[in-house]
Amino acid sequence: MVGSALFALGSAPGFGQLAGADVVNLCYFVGAWFFTGAGFIQLVRSASPAELESSGSAVRAEWLSAATQSVGTILFNISTTSALFAHTVAGERHLVWSPDAGGSVAFLISGAVAFAAYSRSTGHGLDFRDRAWWSVLVNWVGCVAFGVSAVGAFVNKDGVTADAIAANAGTFVGALCFFVASAIVLPETRHR
């Protein structure tokens with residue numbers, strides 16, 4: 001939730017003009033490390049190697065979703081670090097980080113596989129009464145929003161961003177979705 005909050009802050013409307021590109025990039029850089037930490041914890045909790053070998057497809061799907069998400073977070077770590085230290089003309093034209101294609105594709109795959117993991121673990125694909133189902137759905141919307149952001153953030157040879165508004169709005173919406181998806185299951189975790 002901390003990483004999501006920092007990404008939402010960094011992409012909040014007007015924050016970039018108020019705080020400047022360096023502060024925004026710092027929000028993304030620190031937030032990405034929280035995303036990676038959470039992704040690693042999720043990966044470790046999803047299954048041990050022995051469980052993967054002896055378990056059913058639900059555990060393998062949960063592990064695959066967590067593993068793919070972890071790859072995406074690492075790709076975001078690389079790109080947020082690059083944005084933080086970009087001191088070239090081309091880098092400065094694209095002043096503020098936006099979700100890159102590699103990390104966004106990994107998140108999209110992870111989100112899609114999470115639906116399969118949920119379906120296999122519960123025996124049904126849709127349950128409006130289940131917090132976990134809502135978390136998976138809201139997370140998927142966040143993954144799609146990050147994908148939209150990556151498309152909008154494409155920088156052509158001339159250094160022009162394809163759609164800066166879509167890039168920023170997609171990051172903001174995606175970050176809010178990831179925050180909400182985590183918050184939805186938080187009360188459930190407290191009771192365990």
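Two residues are in contact when heavy atoms of one lie within 4.5 Å of heavy atoms of the other. With this cut-off in mind, the reader may turn to the structure above, which is a predicted model.

The description begins with two helices, α7 (residues 101–122) and α8 (residues 131–152). On the side of α7, the residues that meet α8 are Ala101, Ser104, Phe107, Leu108, Gly111, Ala112, Ala114, Phe115 and Tyr118. Their partners in α8 are Ala132, Trp133, Val136, Leu137, Asn139, Trp140, Cys143, Val144, Phe146, Gly147 and Ala150. Sorted by class, the contact of α7 with α8 comprises 16 nonpolar residues, four polar residues and no charged ones.

How are the two helices arranged? The axes of α7 and α8 are 9 Å apart, and the helices pack at an angle of about 160°. Because angles over 145 degrees count as roughly antiparallel, α7 and α8 are described as roughly antiparallel to each other. The crossing of α7 past α8 is left-handed.

The next topic is the aromatic side chains. A pair of aromatic rings is described by the distance of the centres and the angle of the planes. The structure contains 15 aromatic pairs. One of them joins Phe76 and Phe107, whose ring centres are 5.0 Å apart and whose planes stand at 70°, an edge-to-face arrangement. This pair links distant parts of the chain, since Phe76 belongs to helix α5 (residues 57–84) and Phe107 to helix α7, 31 residues apart. Are these two residues buried or exposed? Phe76 is buried, because its relative accessibility is 2%. Phe107 is likewise buried, with a relative accessible area of 1%.

The pair of Phe128 and Trp134 has ring centres 5.9 Å apart and planes at 45°, so this pair is tilted. Phe128 counts as exposed because its relative accessibility is 55%, while Trp134, at 34%, counts as partly exposed.

Ring pairs also build a cluster, which consists of Phe7, Tyr28, Phe35, Phe76, Phe107, Phe146 and Phe178.

Finally, attention returns to helix α5, in which Val59 lies. Val59 is partly exposed, because its relative accessible area is 25%. Along the chain, Val59 and Ala117 are 58 residues apart, yet 7.1 Å separates their C-alpha atoms.

Conventions: Residues numbered from 1 in each chain as written. Predicted model: local features only at pLDDT ≥ 70, side-chain atom pairs only at ≥ 80, totals over all residues. Heavy atoms only, no water. Phe/Tyr/Trp six-rings, centres within 6.5 Å; stacked < 30°, edge-to-face > 60°. Helix = DSSP H or I, 4+ residues; strand = E, 2+ residues; numbered from the N terminus. Buried < 20%, exposed > 50% of the residue type's maximum accessible area, 1.4 Å probe, protein only. Axes fitted to C-alpha atoms, helices over the stretch in contact; angles between N-to-C directions. Parallel < 35°, antiparallel > 145°, perpendicular 65-115°, else oblique. Left-handed = near helix turned anticlockwise from the far one by under 90°. Nonpolar A, V, L, I, M, F, W, Y, C, P; charged D, E, K, R; others polar.
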